[in-house]
Amino acid sequence: MTVTRERLAVLGTGTMGHSIALAAALAGCPVNVWGTDEADIRRGQTGIEEKLRVLQRHEVIDTQGAADIRSRISFDGSLETCVSEATFIIEAIPEILALKQEMFHKLETLCGPDVVFASNTSGLRPTAIAALTTHPERTVVTHFWNPAHLIPLVEVVRGEKTSDDTVRRSLELLRTLRKKPILVQKETLGFIGNRLQYALFREAQYLLEQGVASIEEIDDAVRYSIGRRLTVTGPFMSADMGGLDVFDAISAYLFPDLSTDQASLETMRRLVDEGKYGQKNGHGFYQWTPEFSQKMNDERETELIHWLKKDWGI
Ligand SMILES: NC(=O)c1ccc[n+]([C@@H]2O[C@H](COP(=O)([O-])OP(=O)(O)OC[C@H]3O[C@@H](n4cnc5c(N)ncnc54)[C@H](O)[C@@H]3O)[C@@H](O)[C@H]2O)c1
């Protein structure tokens, strides 16, 4: 296991913060995690314990491995002490531009100019996040995917002023964390993964509103077709293997017919307006009973761990 020279701090203990910290500790990297208060820190610790249990159940790690990982993760309620020794900081606080700008500004008062500030934003522009900093060359986006300890991709997005050295250090760190970093050369909202994911989500909503099929049938259509194939061949490889003449002929009649809606469609709008946010509060496109929730978490983790073991040769 190659261990990075960077000293890592993660800001935020939420869905992403604690799983990014776990990803680092799994790869042998010590990490300090900042939480807003005691309850926030407890949530992060609980999340890590649950994930460690699942990793043990699937024999990715043993009891000693779990203890070693636990010993690499320290939680801190003080931002100042959390980042005092850090050379590389990954911010995973809420997706509110002003909050991230303010955090990066504050970090500059606590850290030297060589410390990299990376944001885990889902799609905001790094240039905008760095707007209040005096050293924007050390700011970058490192966009992990949920759950961060199981999904390999991290999109590294450079802003207008991000230096080559910051990009190099980001890629190097992520490789030592056994991630699959992809460099996004030009900042664009949503980067690559979320643009593609949301193109699919918009079309899925459109098909639902048109009465083409049910929610379950649309989900199954993806799971049992392109979902199976996309783990091996991306869109360009799929097109090459299907025949570009065929894909071109289909594009000619299909592109003009695809959804171009500019906002969430009716069912989604209604669910959100009614406060039905999905798994997190029990209602969404599906009804999330505790049993169903547990079953889906188990199924997803089992599948993702299968791929992780394949990637890591274990
Ligand atoms: N959830 C996902 O699937 C996902 C995936 C990829 C990227 N992201 C991005 O990661 C970031 C974090 O998302 P999340 O889902 O972990 O959020 P979350 O709500 O689960 O956690 C946010 C954390 O930020 C901290 N926090 C809360 N309020 C704060 C405040 N006012 N100031 C500073 N810190 C505060 C707390 O530690 C909290 O636990 C966001 O930018 C999000 O867009 C999320």
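Colleague: Which residues of H13 are met by Phe201, Gln205, Leu208 and Glu209 in H8?

Modeller: This is a predicted model, with residues numbered from 1 along each chain as its sequence is written; local features need pLDDT of at least 70, side-chain atom pairs count only at pLDDT 80 or more, and totals for chains, interfaces and linings use all residues. Side-chain values use heavy atoms, and hydrogens and water are left out. Helices (H or I, at least four residues) and strands (E, at least two) are DSSP runs numbered from the N terminus, and contact means heavy atoms within 4.5 Å. On the H13 side, the residues met by those of H8 are Glu266, Thr267 and Met268.

Colleague: Into which classes do the residues of the contact of H8 with H13 divide?

Modeller: Ala, Val, Leu, Ile, Met, Phe, Trp, Tyr, Cys and Pro count as nonpolar, Asp, Glu, Lys and Arg as charged, and the others, Gly among them, as polar. On that basis, the contact of H8 with H13 divides into three nonpolar, two polar and two charged residues.

Colleague: At what angle do the axes of H8 and H13 cross?

Modeller: Axes are lines fitted to C-alpha atoms, for helices over the stretch in contact, and angles run from 0 to 180 degrees between N-to-C directions. H8 and H13 are therefore roughly perpendicular to each other (65 to 115 degrees; under 35 is roughly parallel, over 145 roughly antiparallel and the rest oblique). The two axes come within 8 Å, and their crossing angle is roughly 100°.

Colleague: Within what arc do the buried residues of H13 fall, seen down its axis?

Modeller: Buried means under 20% relative accessible area, exposed over 50% and partly exposed in between (1.4 Å probe, protein chains only). In H13, which spans residues 266-273, the buried residues are Thr267, Met268 and Leu271. They line one face of the helix, because the arc, taken from the directions from the helix axis to the C-beta atoms, is 95°.

Colleague: Which helix do the buried residues of H13 pack against?

Modeller: The face turned away from the buried side of H13 carries the exposed residues Glu266 and Asp273. The buried residues pack against a helix of residues 193-209, namely H8.

Colleague: What is the distance centre to centre in the aromatic pair of tyrosine 198 and phenylalanine 201?

Modeller: Rings of Phe, Tyr and Trp (its six-membered ring) pair if their centres lie within 6.5 Å; planes under 30 degrees apart count as stacked, over 60 as edge-to-face and the rest as tilted. The whole structure holds six aromatic pairs. In this one, the planes stand at 90°, an edge-to-face arrangement, and the centres are separated by 6.1 Å.

Colleague: Is glycine 278 buried or exposed?

Modeller: Glycine 278 lies in the loop between H13 and helix H14 (290-312). Leaving aside neighbours within four places in sequence, this glycine is in contact with His283, Gly284 and Trp288. With a relative accessible area of 10%, glycine 278 is buried.

Colleague: Which residue is joined to asparagine 146 by a cis peptide bond?

Modeller: The omega of this bond is about -5°.

Colleague: What is the relative accessible area of histidine 149?

Modeller: Histidine 149 is found in the loop between S6 and S7. Leaving aside neighbours within four places in sequence, its contacts include Ser19, Leu22, Lys51 and Leu308. Histidine 149 is buried, with a relative accessible area of 2%.

Colleague: What is the relative accessible area of glutamate 59?

Modeller: Glutamate 59 lies in the loop between helix H2 (38-57) and helix H3 (63-72). Its phi is near 60°, a positive value in a residue other than glycine. Glutamate 59 is exposed, and its relative accessible area is 66%.

Colleague: At what angle do helix H11 and helix H12 pack?

Modeller: H11 covers residues 235-242 and H12 residues 244-254, and their axes are 6 Å apart. The angle, which makes H11 roughly perpendicular to H12, is about 110°.
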